[in-house]
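Please keep the sequence and the model in view while reading.

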Amino acid sequence: MERNVCFVVLSVFCTLLYITHFADSAEVTLQIHTDADGKDAWVDELRDPSYYQGGLDDEIRTSYDNYLGGQERALIQFDLSALSATFVNDATLQLYLYINTNTDGTDKTITANRITAAWVENNITWSGQPSYDNQYQSSTIVADGYVNNWISIDITDMVNFWLINPAQNYGVMLEISQGTGINEKHFASSEQPENPWQHPQLVLNASQAVPEPMSAMLLGISVIGYVVRRYAK
């Protein structure tokens with residue numbers, strides 16, 4: 001009888017450990033369609049300060065012109081306030097690439113940096129762009145000739161930081177590696193009218209809502225107590 005009791009107790013414990021720590025993942029996709037979803041823009045060094053409408057375009061850009069010595073950067077911010085999770089297993093920024101120009105014919109790296117100050121989508125210039133740092137920095141390589149498809153950047157650490165510190169969610173700044181020629185990457189923005197499915201999106205994988213540890217523990221104690229009492233009779 002004691003062996004049966006021990007087996008049942010061990011089984012209940014393992015089950016509770018599983019449901020509290022190894023639950024299935026649920027995928028959530030956030031996409032920017034309206035101001036309530038987030039914002040995006042791009043800034044141009046060569047047209048600073050005259051160009052300030054990068055938040056109104058149907059595209060956002062990253063580029064580097066080695067001949068004129070200027071670059072463009074993209075800014076993207078998703079509204080995470082509706083999420084109940086405080087931790088995600090994976091967070092992937094996805095952008096639809098429809099122009100990929102590399103005059104030097106080489107692959108390029110696009111780097112995502114954490115923006116550290118507020119910015120206004122429809123009134124932003126190169127000289128007025130927000131500060132950013134390389135904490136939680138991530139990147140992806142875009143192959144020469146790759147176009148009309150999605151690129152993905154893993155920003156899991158950045159998103160988890162924002163979930164814990166929501167007041168510091170100012171979004172990401174994207175910039176391209178320099179290369180030796182003219183290198184441009186154009187992505188569909190949230191203003192793209194014909195194909196809203198191409199708008200910037202953030203794909204999240206988070207643990208599903210399962211009994212939180214304390215509730216699961218109390219349930220386990222009750223079940224174990226019942227089993228022990230039954231076998232003790």
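## Strand pairing

Strands E3 and E10 run antiparallel and are joined by seven bridges. Strands, labelled E, are DSSP runs of at least two residues, and helices, labelled H or I, are DSSP runs of at least four, numbered from the N terminus; two strands pair if DSSP finds at least two bridges between them. The model is a predicted one, in which local features need pLDDT of at least 70 and side-chain atom pairs count only at pLDDT 80 or more, while totals for chains, interfaces and linings use all residues. Residues are numbered from 1 along each chain as its sequence is written, and side-chain values use heavy atoms, with hydrogens and water left out.

Strand E10 covers residues 182–188 and is also joined to E5, antiparallel, by five bridges. Phe187 in E10 stands opposite Ile60, and Leu97 stands opposite Phe187 as well. Lys185 in E10 has Asn100 opposite. Because five of its seven residues are buried, E10 is largely enclosed by the rest of the structure; buried means under 20% relative accessible area, exposed over 50%, and partly exposed in between (1.4 Å probe, protein chains only). Strand E5 pairs with E8 too, in the antiparallel sense over six bridges, and Tyr96 stands opposite Trp150 in E8.

## The nonpolar cores

The largest nonpolar core has 33 residues, and those with the most contacts inside it are Ile76, Leu93, Ile155, Val159, Leu174 and Leu202. Such a core is a set of buried Ala, Val, Leu, Ile, Met, Phe, Trp, Tyr and Cys residues joined through side-chain atoms within 4.5 Å. Among the elements that each supply at least two residues of this core are strand E5 (90–102), strand E8 (149–154) and helix H2 (156–164). The largest share of the core, five residues, comes from H2. Another core, of eight residues, lies apart from it and includes Ala41, Leu75, Ile115 and Trp126.

Helix H2 is largely enclosed by the rest of the structure, because seven of its nine residues are buried. Among them are Met158, Val159, Phe161 and Trp162. Leaving aside neighbours within four places in sequence, Val159 is in contact (heavy atoms within 4.5 Å) with Leu80, Val88, Ala91, Leu202 and Leu204.

## Salt bridges

The structure holds six salt bridges, each a side-chain nitrogen of Lys or Arg within 4 Å of a carboxyl oxygen of Asp or Glu. Arg61 forms one with Glu72, the closest N and O atoms being 3.4 Å apart. This pair links distant parts of the chain, with Arg61 in strand E3 and Glu72 in strand E4, eleven residues apart. Both Arg61 and Glu72 are buried. Glu59, Arg61 and Glu72 are linked in a network of salt bridges.

Lys108 and Asp104 meet through their side chains in a salt bridge of 2.8 Å, N to O; Lys108 counts as buried, at 1% relative accessibility. A further salt bridge joins Asp133 and Arg114, whose closest N and O atoms are 2.8 Å apart. Asp133 lies in strand E7 (residues 132–142) and Arg114 in strand E6, so the pair ties together parts that are 19 residues apart in sequence. Asp133 is partly exposed, at 25% relative accessibility, whereas Arg114 is buried, at 6%.
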